Amino acid sequence: MNRYLLSAGALVLGTGSAFAHVTFETQEAAVGSTYKAVLRVPHGCDGKATTAVRVQIPEGVISVKPMPKPGWTLQVKKGKYEKSYQLHGQAVTSGVKEVDWSGGSLPDEFYEEFIFRATLAADLPAGQTLYFPVVQECDGVAERWIEIPASGQDEDSLESPAPGIKLVPRE
Amino acid sequence: MSAASLQRAVCTACKGASRLAAGLLAAIMLLAAIAAPNQAFAHAALVTADPADGAVLGQSPAHFSLTFSEPASPLVLTLVRPDGTAVPLTSFRLNGQTVEIDNSQMLGSGTHVLSWRVISADGHPVGGSVLFSIGAPSAAPAVSEAVDLDLRSAIWVAKVFLYAGLFLGVGGAFAIAWLAQGGRTGRRFVIAAILCGLAAAPLSLGLQGLDALGAPLTRLAQPGVWQAGLATSFGWTALIAVVALGLGLLSLVGPRGGAKLFALAGLTGVGAALAASGHASAAEPQWLTRPMVFLHGAGIAFWAGALAPLGLAIRRKPAEAAAFLRRFSHTILPVVAVLAATGIVLAIIQVQAPAALLGTAYGRLLLVKLALLFFLFTLAATNRWKLTRPAEAGETEVQRRLVRSIGIEMLIVLAIFGVAAGWRFTPPPRALAIAAAQPASIHIHTPKAMADLSITPGHVGPVAASMIIMTGDFGPLDASQVTLVLSKPDSGIEPIKRAAIKPGDGTWRVDDLVIPVPGRWTVRLDILVSDFEIVKIEAPIDIRP
């Protein structure tokens, strides 16, 4: 709850000053393939050092394995998928739903990358964009990269868009 | 001003009494013309309309709804199509403060006008219109909201005659029965005043019906007009007034034994008739205002009613009049005290802020009335403390002056009636303040979330916003954050962004908000549904100047 209050403060003071968004290095991936996600964090929240990065894993992204980062505590939250997926001939019904790197300190003037590897389910819709909402926490404030454009809405019009990858058909 | 110079002033006035009267009447007419506002101000203010004013709809709506600041019943609802043809809307329901209207016809594209006229608790009709467009806006059809000056004049004249009937007629009957005690001088004058009132009361009802329906004078003969008039709270005033006038007449021409009783009942009726409708009676708190109006009305009848019989009695039968004069001068002081006290209380309730005395038509009429009252009180005080005793003693020169002075008092009283009748067209500052304080409200409905948002007061300046957030299907939505964003792209003002707080009553609030300019703003709510999910909904909202 405290965090919500703090991040409420962040929304008041903060947003609108995003010079650069949180994005993925590779912005295109084929469905049914393994994807190495490199999340680029270009700045802190309003000049404050980043202390945590939390990524929500969307439905259809399975077998998630985050890369540990020295100086940061790595945690995952697991849960049930909405449906069952086939992975190497086996049915998978649950797995990682959220990845948290926390306890670190990334000053505003430095750049950092947060990495995880995942499998994109074969039945994800090719041609669409898959969004990974990210909450970037700093000391007492937060930036929420969680906006997903409505159908027909221009992504550029969003203040804090969630990073996404364009899904392409399987090769 | 010394007593001597006061007397000189009074006597100068005596000589020019007829000129003074003509001047006063002209001044009243002029003031009434200046004070009459050009449009009906809201007593029951329109709070929300669906479709909203200025809305552009994709398709023809199946129904309309109008929500007011207090319960109001529709008198006339009309839909004006883009080609200017008007269609009456007759199928509607009252749901609390909301009027729900069915629309059975398919509306073509273009701008339509939903014109409404409703009546609220004070018995005064108000009207307005809502413009909306199907497809895309077109040139708005012309809707006449012009003031019917003929009707207004007729209402004003009828009202003055009704006042004359109630105050001079019924009040006069009371004076003859209780103060003259056997003297019958002035009886003819009083009967004439009562007959005036008896003609004016039903006529006022028909005129009220015309005003209620926004119909011209030529439709006065139609029964629907009279029904509409009767259905307003003024219907009660007219009915009670007729009974009071009848009782007054009965006390004069009926059996002598019942004269006092009939006259007293008539005087009570005068107070009741005035308390039944009008601005002052409709004001809150009702337990205070209605008795105050009652006492004020009865007090006026007592005082004004006694003037004509008294003056005539002194002129014609000075010997008999002495007892009349004595009784009147003994009772008038407490009556005037009650009049002044009730008048002051009602004025404070209605005007609220001293600035409204000059700033509103209602306040200006009150100032005119106060000026006339000052005149009246000066004359009355002179009569009471300088002239009454020698007149009672039989000094004929003083008696003549007293009669002239009473004559001028009568003229001033008539002028005051004229001013008071002008209030019929001016909403009191109290009602204006209520209308100004009304919030601007909108309902935003999207599949993901919806919100009821009110900005209070709905005009520029410091405001507070209150929001109720729900899911798209009216379920509870326990948001973790709500941010209000107000923008006005055409004004060059950067979006105003404020985090809302949760006071704990299920709403979200933003206090300390200042809206700098009036007009159409875009309001957006950023609702953080969960840690990773945000819903943004937006809609236009109209902020009054």
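How are helix 10 and helix 12 of chain B oriented to each other? Point 3 takes this up.

1. **Basis.** This is a predicted model, in which local features need pLDDT of at least 70, side-chain atom pairs count only at pLDDT 80 or more, and totals for chains, interfaces and linings use all residues. Residues are numbered from 1 along each chain as its sequence is written, while chains are lettered from A and ligands numbered from 1 in the order in which they are written.

2. **Two chains.** Chain A has one helix and twelve strands. Helices (H or I, at least four residues) and strands (E, at least two) are DSSP runs, numbered from the N terminus. Chain B has 14 helices and 17 strands. Of the 171 residues of chain A, 34% are buried; for the 545 residues of chain B the figure is 43%. Buried means that 20 or more other C-beta atoms lie within 10 Å of the residue's own; exposed means 12 or fewer, and partly exposed is in between, with C-beta atoms placed from the backbone. Contacts are pairs of residues whose C-beta atoms, placed from the backbone, lie within 7 Å. In chain A, 72% of the contacts with a separation of 6 or more come from residues 24 or more positions apart. In chain B, 70% of the contacts between residues at least 6 apart join residues at least 24 apart.

3. **Helices 10 and 12 of chain B.** Helix 10 (residues 318-351) and helix 12 (residues 361-392) are roughly antiparallel to each other. Their axes come within 11 Å and cross at roughly 160°. Axes are lines fitted to C-alpha atoms, for helices over the stretch in contact, and angles run from 0 to 180 degrees between N-to-C directions. Angles under 35 degrees count as roughly parallel, over 145 as roughly antiparallel, 65 to 115 as roughly perpendicular and the rest as oblique. The crossing is left-handed: the near helix is turned anticlockwise from the far one by less than a right angle, where clockwise would be right-handed. On the helix 10 side, the contact includes Ala322(B), Leu325(B) and Arg326(B). Helix 12 brings residues including Gly363(B), Leu366(B) and Arg384(B). By class, this contact has six nonpolar, three polar and three charged residues. Here Ala, Val, Leu, Ile, Met, Phe, Trp, Tyr, Cys and Pro count as nonpolar, Asp, Glu, Lys and Arg as charged, and the others, Gly among them, as polar.

4. **Helices 12 and 13 of chain B.** Helix 12 also packs against helix 13 (residues 396-422), with axes that come within 9 Å and cross at roughly 160°. This pair is roughly antiparallel too, and its crossing is left-handed. The contact holds 20 nonpolar, five polar and three charged residues.

5. **Nonpolar cores.** The largest nonpolar core has 123 residues. Such a core is a set of buried Ala, Val, Leu, Ile, Met, Phe, Trp, Tyr and Cys residues joined through C-beta atoms within 7 Å. Leu166(B), Val170(B), Ala301(B) and Leu310(B) have the most contacts inside the largest core. Helix 3 (residues 149-180) of chain B gives the largest share, 19 residues. Beyond four places in sequence, Ala301(B) touches residues including Leu166(B), Val170(B) and Leu267(B). Another core, of 60 residues, lies apart from the largest one. Among its residues are Val99(A), Leu106(A), Phe132(A) and Trp508(B).

6. **Val242(B).** This residue sits in helix 6 (residues 234-253) of chain B. Val242(B) counts as partly exposed because it has 19 C-beta neighbours inside 10 Å. Leaving out residues up to four places away, Val242(B) touches Leu198(B) and Ala201(B).

7. **Backbone points to check.** The peptide bond between Asp50(B) and Pro51(B) is cis, with omega about 0°. Pro51(B) is in the loop between strand 1 (46-50) and strand 2 (55-57) of chain B. A cis bond also links Thr456(B) to Pro457(B), with omega near -10°. Ser63(A), not a glycine, has a positive phi of about 55°. Ser63(A) belongs to strand 5 (residues 61-66) of chain A. Gln352(B) has a positive phi as well, near 65°, and is in the loop between helix 10 and helix 11 (355-359) of chain B.

How values were computed. Two residues are in contact if their C-beta atoms, placed from the backbone, lie within 7 Å.
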